[in-house]
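Morning, everyone. Please bring up the model on your screens, and let's walk through it together.

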Amino acid sequence: MTNKTVSEIIIDTLQAASVRRVYGVVGDSLNGLTDVIRTREGMEFIAVRHEEAGAFAAGAEAHLTGELAVCFGSCGPGNTHLINGLYDCHRSRVPVLAVAAQIPSDEIGTGYFQETHPERLFQECSHYCELISTPNQAVRIIEAAVQHALTEGGVAVIVVPGDVTHLSIDAPEPRLPARGRTATLRPAETDVRQAADVLNACGNVAILAGAGCAHAHAELVQIAEALQAPVVHALRGKEFVEPNNPYDVGLSGLIGMPAGYHALMDADGILMLGTDFPYKQFLPDDARIVQVDVRARHLGRRARVEVGLPGDVADTVRQLLPHLRPRPDRAHLDAALKRHRADQEHLRELADGEAGAAKLHPQHVARLLSELAAEDAIFTCDVGTPTIWAARYLAMNGRRRLIGSFNHGSMASALSQAIGAQLAHPERQVVALCGDGGFAMLLSELLTVRQHRLPVKVVVFNNSAYGFVELEMKAAGTLEYGTELDNPDFGALAQAAGLAGLRVHDPGQLADVLAQALATPGPVVVDAVVRRQELSMPPTIEGKQALGFGLYAIKALMNGRGSELVELAKTNLGR
Ligand SMILES: Cc1cc2nc3c(=O)[nH]c(=O)nc-3n(C[C@H](O)[C@H](O)[C@H](O)COP(=O)(O)OP(=O)(O)OC[C@H]3O[C@@H](n4cnc5c(N)ncnc54)[C@H](O)[C@@H]3O)c2cc1C
Ligand SMILES: Cc1ncc(C[n+]2csc(CCOP(=O)(O)OP(=O)(O)O)c2C)c(N)n1
């Protein structure tokens, strides 16, 4: 036992969990904690300019390393700023611990300056959220919080009043008995046989594979071969499923492509492996579905599943394989692969531009980034059209990574996630694909990049609009409203902040500018001036959407905007 302050107990436990940095903005209620970090070897405080960015950065670090990452927010507004980023971490199930400091303990309940109740506010975006009100609770609460974040996958929050962080008590050395322990969940053999019977009875089988296949690539390819099944990936599975996979036929869903769409919709049997793909309208109503997920509570929550197997993908597939009958017919697979090749060709055609043009096609920017970036680059992308371009054009190879706010769907994650990624992997190239709206939303973090000399490469898809929302408005048959962005030259803005900044609008110069940016040692912002009217059609336009586009077209014509429509048709509707 050693006499320690609550702050020392917390920091010791975080260090025992191999935490090397804490993201946040300082504040009086955090002084006890930051003062301990100040003196610690192997631990640093990463000052961000907005706490939400700290949570996104911690989430990216946790996503890449699988280890606990940490962010702090001071009392009241300091920690309410963490909330959106923590929602993202929690929904992505990455292990993040947040300390939400609280006002002085004797003021709680009086409506004091900055008073909030974080233990209520953070309930919905955490597995564990508890208040340390006396030092004798500290050891057990911090240890429980770390274990919850690591073992459940997601967020744990400790609420601690500033004055309590300074109090001391005799405390043992930290113990995290569950950390680093693994166990494999396997379904019962009878259930596996039942699943195999369903798959054997189906003619056209497709696999929908997600992030749960991260450690099951070989097994995934094996079962695709056994079932002669095309593999459609869900977006969070792209980085793991797409590489070196002769059965991969791309993405389905809102921003998916025809091959993925038809592979699933034309199947009479679907095997869902480690995916929580949220769009039920992109799954057939009448297919027989087998689903494998380590979280049994996820089985059947997205589709009418016939057999749910609670289990790890790799292990469950190994159990299933001996029960699958050989399949001589590969017509469904061949049709999907053929469509996939056509999709790829079509996407390639859209990803170019004529030298001398005034604006770039965003597809061109994304394709060249994929071609020019390092083999082990870490990409982050904003919610909005950058998600579409990342999903379609960034080629994954097993070493590259792709992070975005895919489950929570928050704007403005890419730059902050790039900060966490770069700190976790200082030697790797980190490329953020930002929307102009997303970049501006947490523009403050450019100064974090500057302050910590992080060599991230930021590419802003500057279309002068909240482009994704414009698409949604068009699909709903309404005219765009409130979507216009009057932007500065983001390259010049970066230069004013002391960073390298470039601006490019001419397709003829794009490759050189991107290559220059990637080769520049420090941080770089590339302002890529892209076309605003870039329509990315869903794989099949539903009746409602077709009607929506029709209504939009009529309204646009009536408002004297016919030329925009012609432009739109020329660039997008060629297929
Ligand atoms: C603008 C925008 C557009 C989007 N459009 C699309 C789209 O068109 N198509 C699309 O797919 N997504 C799209 N998304 C993303 C979408 O919202 C989801 O994030 C994504 O589909 C989820 O991918 P996933 O199922 O791989 O990951 P998750 O939702 O994380 O699901 C992974 C599942 O695997 C389970 N699991 C984890 N480990 C294991 C294991 N070892 N064994 C078994 N199970 C395991 C987990 O419990 C979980 O249920 C879009 C997002 C945005 C922001
Ligand atoms: C925090 C937040 N606010 C609003 C939205 C709704 N929204 C989704 S995409 C989007 C537009 C994104 O614009 P931008 O970053 O410029 O990218 P673009 O789609 O134009 O490429 C908006 C406003 C959101 N998802 N998150």
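Some ground rules. This is a predicted model: local features need pLDDT of at least 70, side-chain atom pairs count only at pLDDT 80 or more, and totals for chains, interfaces and linings use all residues. Residues are numbered from 1 along each chain as its sequence is written, chains are lettered from A and ligands numbered from 1 in the order in which they are written, and side-chain values use heavy atoms, with hydrogens and water left out.

The whole chain, then. There are 24 helices and 20 strands. Both are DSSP runs, numbered from the N terminus: helices are H or I with at least four residues, strands are E with at least two. The radius of gyration is 25 Å, close to the 25 Å from the globule rule for 575 residues, so the chain is as compact as a globular protein of that length. That radius is taken over C-alpha atoms, and the rule is 2.2 Å times the number of residues to the power 0.38. Along the principal axes, the C-alpha atoms fill a box of roughly 70 × 65 × 45 Å.

How much of the chain is buried? Buried residues make up 57% of the 575. Buried means under 20% relative accessible area, exposed over 50%, partly exposed in between, with a 1.4 Å probe and protein chains only. The accessible surface comes to about 23100 Å², and 50% of that belongs to carbon and sulfur atoms. Areas come from the Shrake-Rupley method with a 1.4 Å probe; for residues, only the protein chains shown count as cover. Now contacts, meaning heavy atoms within 4.5 Å. Of those with a separation of 6 or more, 74% join residues 24 or more positions apart.

On to ligand 1. It is surrounded by 32 residues, each with a heavy atom within 4 Å of the ligand. The closest are Arg 93, Arg 236, Asp 293, His 298 and Asn 407. By class, the shell holds 14 nonpolar, 12 polar and six charged residues. Here Ala, Val, Leu, Ile, Met, Phe, Trp, Tyr, Cys and Pro count as nonpolar, Asp, Glu, Lys and Arg as charged, and the others, Gly among them, as polar. A polar side-chain atom of Asn 407 sits 2.5 Å from a ligand 1 oxygen. Taken alone, ligand 1 exposes 990 Å², and the protein buries 92% of that.

Next, ligand 2. Its shell has 18 residues, and Thr 385, Asp 436, Gly 437, Gly 438 and Gly 467 are the closest. Which helix gives the most to this shell? H18, with four residues. Helices H16 (385-393), H18 (436-441) and H20 (467-475) each supply at least two. Thr 385 places a polar side-chain atom 2.4 Å from a ligand 2 oxygen. For Asp 436, a side-chain N or O atom is 2.6 Å from an oxygen of the ligand. Alone, ligand 2 exposes 590 Å², of which the protein buries 78%.

Last stop: Ser 7, in helix H1 (residues 6-16). Buried or exposed? Ser 7 counts as buried, because its relative accessibility is 1%. A polar atom of the Ser 7 side chain lies 3.3 Å from the backbone nitrogen of Leu 33. Leaving aside neighbours within four places in sequence, Ser 7 contacts Gly 32, Leu 33, Val 36 and Thr 165.

Methods:
A polar contact is a pair of N or O atoms within 3.5 Å; within protein, one must be able to donate a hydrogen and the other to accept it, and residues adjacent in sequence count only if both atoms are side-chain atoms.
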